[in-house]
Amino acid sequence: MTLTTITPADSANVEVKKTVKRDELMEIEKHWQADWKESRLFEVDMPESDDLTTDELHAKYPKWMGTIPYPYMNGPLHLGHGFSISKIEFATGWERLKGKRALFPFGFHVTGMPIKASADKIANELAMFGPNFELPQEIEDDCEALSEKVEDMSVDVTPKAGANFKSKKTKAVAKSGGAKYQFQILQAQGISNEEIAKFADTQHWLEYYPPIAMADINALGCKVDWRRAFLTTDHNPYYDSFARWQFQRLLDNKKIKFGKRYTIWSAKDAQPCMDHDRQSGEGVNPQEYTGIKLEILEWSEHGSQAASAIPELAGKRIFLVAATLRPETMYGQTNCFVGTKLEYGFYLSNKADEVFVVSERAARNMAFQELSPENGKVVKLGTISGQAIIGSKVNAPLSEYKGGVYVLPMENVLATKGTGVVTSVPSDSPDDYAALRDLKKKPEYYGIDPKWVEDFNPIAVLSTEAYGEMSAPTLCEKLKINSQKDRVQLAEAKEAAYKEGFYSGTMSIGDFKGLAVQ
């Protein structure tokens, strides 16, 4: 290797590049990296000796091994990978200096759904926009607006030393760089349209990105034994057999078993979709609700008309199904709420004579939990508006009001939360208390019959040291909540009531009277 030296006498006649020091250092890097590769410096083999036992071998030739969680090959390595690699790289060098046979193997993760999902997106985008990925003008305008939005999320102030830093971008936005389509993400990496089309095949991802990652790691000068590099999945039969062996041993020792558990499920791919396997929704976990079956005892006039118009409902027991996070409070149900502007469906349940009235989203989720006639399939018999259900009488399980309670309107019921049906416990839910109080004050305004609410009052369900047996009324009074429109105060009251009730509450009624809620 030849390094150019510039003397003061030459400096007047030679234009020195501003990057000359950097370039010379990089030349030194390349020289020694090539030397390391040629001499196989980082290839570590197992010592052999017929005269020594295993323990004696370990004592004579001490060993060390380290690696990082396999990086996922749906793109190039990023700075986070570099940070993790640097730790093992430093440790490998340190252990080598101490005379150990230090091994740094490397693997590439290609299992899971992200590669499959990205390949499917490329296939769809090829069908939509053609091999040159030509966007219609309106879509191009949307992409430019998204790019500007992402730019607005950029950090414009340098954090002070020692201060906490948090980006305004979500992880998903940071990964996409503001690109709306998968082909745009690949184009931003300098990949040609002709090459991008190949990414519709999942196999191409496995062939394209690992060599780039290896080149980047080599450029860092890392002490990796590349003979031991591999891809996960059956693409590498040796590693695949290793993973199979592990699970078989766990199964033989009864440490694992095959069965069902609650998880985020991909209906399209018919398999669980773990956190890092998703294109979006990272960090979302299953939320467990208890379903409360409120059987229709007596339809309202409009509800009766809607139900009688559906012949398949004849002879069926019909239930509004509410979802609750607090089943211990069901003794205090005074009514049931639905959204007047929502549309509900009649869905056949896993019992031939029972029909559930819930939102379409809830019915779809329930179908994957063995609550429909066939797993994963929704059987919809008809629809009914929330307004038509108002005034119907239902049986509320465990409620002290044994003769039934009425279905009432509520302003903030969402079809995207729970089942779209809300059971009401005004003693412990500030939202329920505020809504019931509004309905009692202005029945004409809300279009209800006064008898549906006038004889239904909060029932003491549990007792807390902070708020007594009526936490919701107490908090509404304390925070000066005048109606169900006081959303900010109600959110504060709800958090306080639920926290106190769950962690410090004692049951005041029912079979578990006197026992702590938690």
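Is D240 buried or exposed? D240 has a relative accessibility of 17% and so counts as buried, where buried means under 20% relative accessible area, exposed over 50% and partly exposed in between (1.4 Å probe, protein chains only).

The structure is a predicted model, in which local features need pLDDT of at least 70, side-chain atom pairs count only at pLDDT 80 or more, and totals for chains, interfaces and linings use all residues. Residues are numbered from 1 along each chain as its sequence is written, and side-chain values use heavy atoms, with hydrogens and water left out.

**The chain as a whole**

The chain has 518 residues, and 38% of them are buried. Its secondary structure consists of 17 helices and 17 strands; these are DSSP runs numbered from the N terminus, with helices (H or I) of at least four residues and strands (E) of at least two. Of the contacts with a separation of 6 or more, 70% are between residues 24 or more positions apart, a contact being heavy atoms within 4.5 Å.

**Salt bridges**

A salt bridge is a side-chain nitrogen of Lys or Arg within 4 Å of a carboxyl oxygen of Asp or Glu. By this rule there are 21 salt bridges.

| Pair | N to O distance |
|---|---|
| E89 and K223 | 2.5 Å |
| R244 and D240 | 2.8 Å |
| E328 and R326 | 3.3 Å |

The E89 and K223 side chains form a salt bridge. This pair links distant parts of the chain, 134 residues apart: E89 lies in helix α4 (residues 79-97) and K223 in the loop between α10 (202-219) and β4 (230-231). Both E89 and K223 are buried.

R244 and D240 are four residues apart in helix α11 (residues 237-252), so about one helical turn separates them. R244 is exposed, with a relative accessible area of 56%, whereas D240 is buried.

A network of salt bridges links R40, E43, D45, D225, R227 and R228.

**A pair of helices**

Helix α15 (residues 430-441) and helix α16 (residues 471-478) have axes that come within 8 Å and cross at roughly 75 degrees. Axes here are lines fitted to C-alpha atoms over the stretch in contact, and angles run from 0 to 180 degrees between N-to-C directions. The two helices, α15 and α16, are therefore roughly perpendicular to each other, a term for angles of 65 to 115 degrees. P430, Y433 and R437 of α15 make the contact with A472, P473 and C476 of α16.

Notes. Parallel < 35°, antiparallel > 145°, perpendicular 65-115°, else oblique.
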